[in-house]
Amino acid sequence: MSNRQIDVQIMGQSYILGCPEGGEERLMGAVRKVDEAMCKIRDAGKIKARDRIAVLAALNLAFEQADAPPASDKNSASAQTAADVPADAQARLVHLLSRLDRVIEQDGQLL
């Protein structure tokens, strides 16, 4: 399966993201959620640093996901149990925060 690169905007900043074929809709949905979460925090006016906004948005989204009922597909052998979801979400959050840290370090700009 090949990856393609997609140019997206999050809080006015351009990012080029790798996306597996067929995953564009899911990726764009995630980009919209992250952008909305970050803009909401920025627009509240209390936090100006992009890295802090990103961390708070990631934590808010992870918290919301942990509270959401797990999608269950009883016919699928690969369906996750409720106990698997938080660990998986936490691993994805750690990976996302690590990627955000690398991008922010390269950017070095604050709002």
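Biologist: In which helix is isoleucine 41 found?

Modeller: Isoleucine 41 is in helix α1. One thing before we go on: this is a predicted model, where local features need pLDDT of at least 70, side-chain atom pairs count only at pLDDT 80 or more, and totals for chains, interfaces and linings use all residues. Residues are numbered from 1 along each chain as its sequence is written, and side-chain values use heavy atoms, with hydrogens and water left out.

Biologist: What makes something a helix or a strand here?

Modeller: Both are DSSP runs, numbered from the N terminus: a helix is H or I with at least four residues, and a strand is E with at least two. Under that rule the protein has three helices and two strands, in the order β-β-α-α-α along the sequence.

Biologist: Why is isoleucine 41 called buried?

Modeller: Buried means under 20% relative accessible area (exposed is over 50%, partly exposed is in between, using a 1.4 Å probe and protein chains only). Isoleucine 41 has 15%, so it counts as buried. Other buried residues of α1 include Leu27, Val31, Ala37, Met38 and Cys39.

Biologist: Which residues does isoleucine 41 touch, leaving aside its neighbours within four places in sequence?

Modeller: Contact means heavy atoms within 4.5 Å. By that rule isoleucine 41 is in contact with Ile47, Ile53, Leu56, Ala57 and Asn60, once neighbours within four places in sequence are set aside. Take isoleucine 53: it is twelve residues from isoleucine 41 in sequence, and their C-alphas are 6.4 Å apart in space.

Biologist: And what covers the buried residues of α1?

Modeller: The cover includes β1, β2 and α2.

Biologist: How do you know that the span of α1 is close to the expected one?

Modeller: The expected span is 1.5 Å times one less than the number of residues in the helix. α1 has 21 residues and reaches 30 Å from its first C-alpha to its last, close to the 30 Å expected. Just after α1, glycine 45 takes a positive phi of about 85°.

Biologist: What makes β1 and β2 a pair?

Modeller: Two strands pair if DSSP finds at least two bridges between them. Strand β1 (residues 3-10) and strand β2 (residues 13-20) have eight, in the antiparallel sense, so they count as a pair. For instance, isoleucine 6 has leucine 17 as its bridge partner in β2, and isoleucine 10 stands opposite glutamine 13.

Biologist: Is methionine 11 buried or exposed?

Modeller: With a relative accessible area of 7%, methionine 11 falls in the buried class.

Biologist: Why is glycine 23 called buried?

Modeller: Glycine 23 has a relative accessible area of 15%, so the cut-off puts it in the buried class. Glycine 23 lies in the loop between β2 and α1.

Biologist: What makes a group of residues a nonpolar core?

Modeller: They must be buried Ala, Val, Leu, Ile, Met, Phe, Trp, Tyr or Cys residues joined through side-chain atoms within 4.5 Å. The largest one here has 16 residues, and among those with the most contacts inside it are Val8, Met11 and Met38. β1, β2, α1 (24-44) and α2 (50-67) each give two or more residues to this core, with α1 giving the most, six. Beyond four places in sequence, methionine 38 touches Ile10, Met11, Arg50, Ile53, Ala54 and Ala57.

Biologist: Last one: how many disulfides are there?

Modeller: A disulfide is a pair of cysteine sulfur atoms within 2.5 Å, and by this rule the count is zero. Cysteine 19 is buried at 2% relative accessible area, and cysteine 39 is buried too, at 16%.
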